[in-house]
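I set out to record here what I looked up in this structure, entry by entry.

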Amino acid sequence: MIVEAKKARFSEPLRLKSGAVLPEFEIAYETYGTLNAARSNAVLVCHALNASHHVAGSYAGEPKNLGWWDNMVGPGKPLDTERFFVVGNNYIGSCFGSTGPTSVNPATGRPWGADFPVVTVEDWVAAQARLADRLGIERFAAVMGGSLGAMQALQWSLSYPGRVRNAIVIAATPRLSAQNIAFNEVARQAIMTDPEFHGGHYHDKGVLPRRGLRIARMIGHITYLSGDAMMEKFGRALRRAAPGFDFDVDFEVESYLRHQGDKFAEYFDANTYLRITKALDYYDPAAEFGGDLAKAFARAQADFLVISFTSDWRFSSQRSREIVRALLDNRRVVSYLEIDAPQGHDAFLLDDARYHGALRAYFANISL
Amino acid sequence: MTEVETMARWVAPGARVLDLGCGDGGLLKHLWKTHAAHGYGVEIDDAKVIACLGNDVNVLQMDLEDGLAAFADRSFDTVILSETLQAIRRQEPLLREMLRVGREAIVSFPNFGYWRARIQIAFAGHMPVSKELPYQWYDTPNVHLCTLVDFEALCAKLGFRVLERVVLTGGAPVSLLPNLLGALVIYRVSA
């Protein structure tokens, strides 16, 4: 499937949850399949921390640049683009094409950098609703995402109850635990204490806080995998013939983490990382209801599919069961799968036959 | 008369139903089509859970042994446990939970007092193997088999009222000597 990245520009200001106002913004997006005449077959796919609007397929002349969820989305895939009109989007505040800290601030003519406001999941969804308006989509057949993308699917059902028929919520949590926030804070500290960070104004100095980003990514990666998956993948295998009794790379896992960190530091923006982790930390739809998640979901109208993975310790199955309980308390239509997969949080990106089989069956029963 | 027909007769139109150990969701789909009864199935097996999704039945993948904490008190009209009781490790807490979350419970199980079972033990000297109990003793999921008399004694102990009982053998109702001549038994109980 050859796909094309597009941009939509919105000149009406967007008031953010923080009170700040984004005077104008762009959303990078891609679409796959065809919107039917009744406009009833649109599915919005939301991404997690480091992915983008490039969900499926590849660009002309770049066959290796496959979308991040290409195993899920495409012709004949569980989310079948021959039946559904799928919209991938890059949320605002990210660094892959939508307006974010690396974009030019219209007030100064220079990159926003540290001046870009802190955005929230609610803000992302509000911006996505503008994109839906632009594309002529009154109501989505489904909004779907994993991890941070699942929070967007949840929030869609709360911000725009009448605009979502199905919310597909994978490897999710309704709120971060103290431990989750703690990991995010260590990652942010790694970035902010990098001497090249310069309070977020590193662009002005012509440098990048690569060390901080590397460490942030290494910490993140540890939490995306289960202990078993890591042991299975790397064990205690050495990179060299014998231990060096120094601090160069001894173990495979060290080499892997350094490689992941290096790669990430080249393409990801530090100010973006700070803001996305804050958006995660702040997300808590139950907060305005005294912590009562069931009350928060009282306004939801969608049907829900909730999927968790047993070895996911970042957002454990228990968190998904809390979502299910809140939905049951509101007598929502909901199905819940707890897939016994060993890979940890990252399992939502893999192509486990049960996981894909469940989504295939679910989508087949969405009437158009 | 089948088990499904019996259960369907006991479910009110528009009722909210919870089916524990719901398999592929066939019963819930039937109740939806014939009674506009809606609800959820609970199932642990991956393939059956996916079959439920294929049948457009709401399904929750959970282990019944962990209880029914996902469900609020009195949130269902009827909670069904179809031919699953004998495969549960701890009957008492589950039965109590069923009548916590539901107004009524429907429970069915293969009757271990059925004469064919008795004969296999008494005369052939081996554990019964039959259409209702197709397993060998070493590979059976049925860890707690019981008879009508046993179940009714447990209901009495738990303070449950037996509202109705249907005993079936080969699809035909049995009224004479049910604990001896009945292969499958279906109860409707309340707290």
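**Entry 1: a salt bridge from strand to helix**

I looked up Glu338(A) and found it buried, with a relative accessible area of 19%; buried means under 20% relative accessible area, exposed over 50%, and partly exposed in between (1.4 Å probe, protein chains only). Arg321(A), at 31%, is partly exposed. The side chains of Glu338(A) and Arg321(A) meet in a salt bridge, 3.0 Å from N to O; the term requires a side-chain nitrogen of Lys or Arg within 4 Å of a carboxyl oxygen of Asp or Glu. The pair links distant parts of the chain, 17 residues apart: Glu338(A) lies in strand 14 (residues 334-339) of chain A and Arg321(A) in helix 10 of chain A. Helices (H or I, at least four residues) and strands (E, at least two) are DSSP runs, numbered from the N terminus.

**Basis of the entries**

I note that this is a predicted model, in which local features need pLDDT of at least 70 and side-chain atom pairs count only at pLDDT 80 or more, while totals for chains, interfaces and linings use all residues. Residues are numbered from 1 along each chain as its sequence is written, chains are lettered from A and ligands numbered from 1 in the order in which they are written, and side-chain values use heavy atoms, with hydrogens and water left out.

**Entry 2: other salt bridges**

My search of the whole structure gave 32 salt bridges over all chains. One of them joins Glu24(A) and Arg9(A), with the closest N and O atoms 3.5 Å apart. Both residues are partly exposed, Glu24(A) at 29% and Arg9(A) at 43%. I also found Lys7(A), Arg9(A), Glu24(A) and Glu26(A) joined into one network by salt bridges that share partners.

Arg188(A) and Glu185(A) form a further salt bridge, at 3.3 Å from N to O. These two are separated by about one helical turn, because they stand 3 residues apart in helix 3 (residues 178-192) of chain A. Arg188(A) is buried at 5%, and Glu185(A) is partly exposed at 30%.

I checked the length of helix 10 (residues 317-329) of chain A: its 13 residues should span 18 Å, and its end C-alpha atoms are 18 Å apart, which agrees. The expected span is 1.5 Å times one less than the number of residues. Its buried residues include Ile323(A), Val324(A), Leu327(A) and Leu328(A). After helix 10 of chain A comes Arg331(A), with a positive phi near 55 degrees.

Helix 7 (residues 252-267) of chain A has 16 residues and reaches 23 Å, close to the 22 Å expected. Among its buried residues are Tyr256(A), Leu257(A) and Phe264(A). The buried residues of this helix pack against helix 5 (210-224), helix 6 (227-234) and helix 8 (270-282) of chain A.

**Entry 3: between the chains**

I found 20 residues of chain A in contact (heavy atoms within 4.5 Å) with 20 residues of chain B. The two chains bury about 1,600 Å² between them, 55% of it on carbon and sulfur atoms; buried area is the accessible area (1.4 Å probe) that two parts lose on being put together, summed over both. In chain A, Leu328(A), Arg331(A) and Asn365(A) lose the most area to chain B, together 31% of what that side buries. The count between the chains is 1 salt bridge. Arg354(A) forms a salt bridge with Asp46(B), the closest N and O atoms being 3.2 Å apart.
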